[in-house]
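Welcome! Let us take a friendly walk through this structure, one part at a time. Please have a look at it first.

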Amino acid sequence: MKSIITPLKTVLLFVALVSLSIPVMSQQEATPGKAASPILKKAVMCEGIQDGLPVNQTIVFDVSKGSAYCWSGFDPVEVDGVIFHQWYRNGELTSSFKLAVHPPRWANQSSLRLRQADVGPWSLNITNETGDILKTLRFSITE
């Protein structure tokens with residue numbers, strides 16, 4: 001009988017320790033001061049921005065238009081922070097814009113002045129402060 005009780009005590013002690021550690025783990029995940037990344041609600045490429053909103057959404061920009069814009073809207077934003085618009089031509093980073101975001105929701109934009117040398121395929125990554133890609137937009141610049 002004694003040989004059965006010792007392993008049983010060991011198992012019960014293990015279960016008790018595991019069950020006591022579960023609430024501690026869940027408290028660490030909800031640590032105050034560690035805010036979640038802002039939530040990207042919408043991101044578009046467009047020909048312009050009017051009253052803070054995108055105008056003429058497109059994925060093909062004629063170089064004669066002069067500029068290409070990326071508009072991004074975040075909701076919710078828990079705390080002040082930054083995001084990045086990273087513009088790539090043929091897979092090479094050409095520009096990176098650090099943009100502020102503020103609670104409770106925020107929209108921002110970046111733009112590229114179009115030149116003849118810019119004709120070709122492009123992409124734009126929207127990333128958070130830690131470098132996580134929130135969205136990739138693909139577009140082309142044509143003659």
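With which side chain does the side chain of Asn 108 make a polar contact? The partner is the side chain of Ser 72, at 2.6 Å. A polar contact here is a pair of N or O atoms within 3.5 Å; within protein, one must be able to donate a hydrogen and the other to accept it, and residues adjacent in sequence count only if both atoms are side-chain atoms.

## About the model

This is a predicted model, in which local features need pLDDT of at least 70 and side-chain atom pairs count only at pLDDT 80 or more, while totals for chains, interfaces and linings use all residues. Residues are numbered from 1 along each chain as its sequence is written, and side-chain values use heavy atoms, with hydrogens and water left out.

The pLDDT (the predictor's confidence in each residue, from 0 to 100) averages 84 over the protein chain, and 76% of the residues score at least 70. Over residues 10-31 the pLDDT is below 50, and this stretch has zero contacts in the model beyond near neighbours in sequence. Contact means heavy atoms within 4.5 Å.

## The overall layout

Of the 143 residues, 31% count as buried; buried means under 20% relative accessible area, exposed over 50%, and partly exposed in between (1.4 Å probe, protein chains only). Among contacts between residues at least 6 apart in sequence, 57% join residues at least 24 apart.

## Strand S4 and its partners

S4 is largely enclosed by the rest of the structure, because seven of its eight residues are buried. Strands S1 and S4 run antiparallel and are joined by six bridges, with Leu 40 opposite Phe 74 in S4. Eight bridges join S4 to S7, also in an antiparallel arrangement; here Trp 71 stands opposite Gln 109 in S7. Two strands pair if DSSP finds at least two bridges between them.

## Back to Asn 108

Asn 108 sits in strand S7, residues 106-113. Is this residue buried or exposed? Asn 108 is buried, with a relative accessible area of 7%. A polar atom of its side chain lies 3.2 Å from the backbone oxygen of Ala 100. Leaving aside neighbours within four places in sequence, the contacts of Asn 108 include Cys 70, Trp 71, Phe 74, Ile 83 and His 85.

## Two cysteines

A search of the whole structure finds zero disulfides (pairs of cysteine sulfur atoms within 2.5 Å). For Cys 46, the nearest cysteine sulfur is that of Cys 70, 7.7 Å away. Both residues are buried: Cys 46 has a relative accessible area of 0%, and Cys 70 is at 0% relative accessibility.

In soluble globular proteins, nonpolar side chains tend to be buried together. The largest nonpolar core here has 21 residues, of which Trp 87, Ile 126, Phe 139 and Ile 141 touch the most other members. Among the elements that give two or more residues to this core are strands S1, S4, S5 and S9. A nonpolar core is a set of buried Ala, Val, Leu, Ile, Met, Phe, Trp, Tyr and Cys residues joined through side-chain atoms within 4.5 Å.

Beyond its neighbours within four places in sequence, Ile 141 is in contact with residues including Phe 61, Val 63, Leu 112 and Trp 122.

Terms used
Helices (H or I, at least four residues) and strands (E, at least two) are DSSP runs, numbered from the N terminus.
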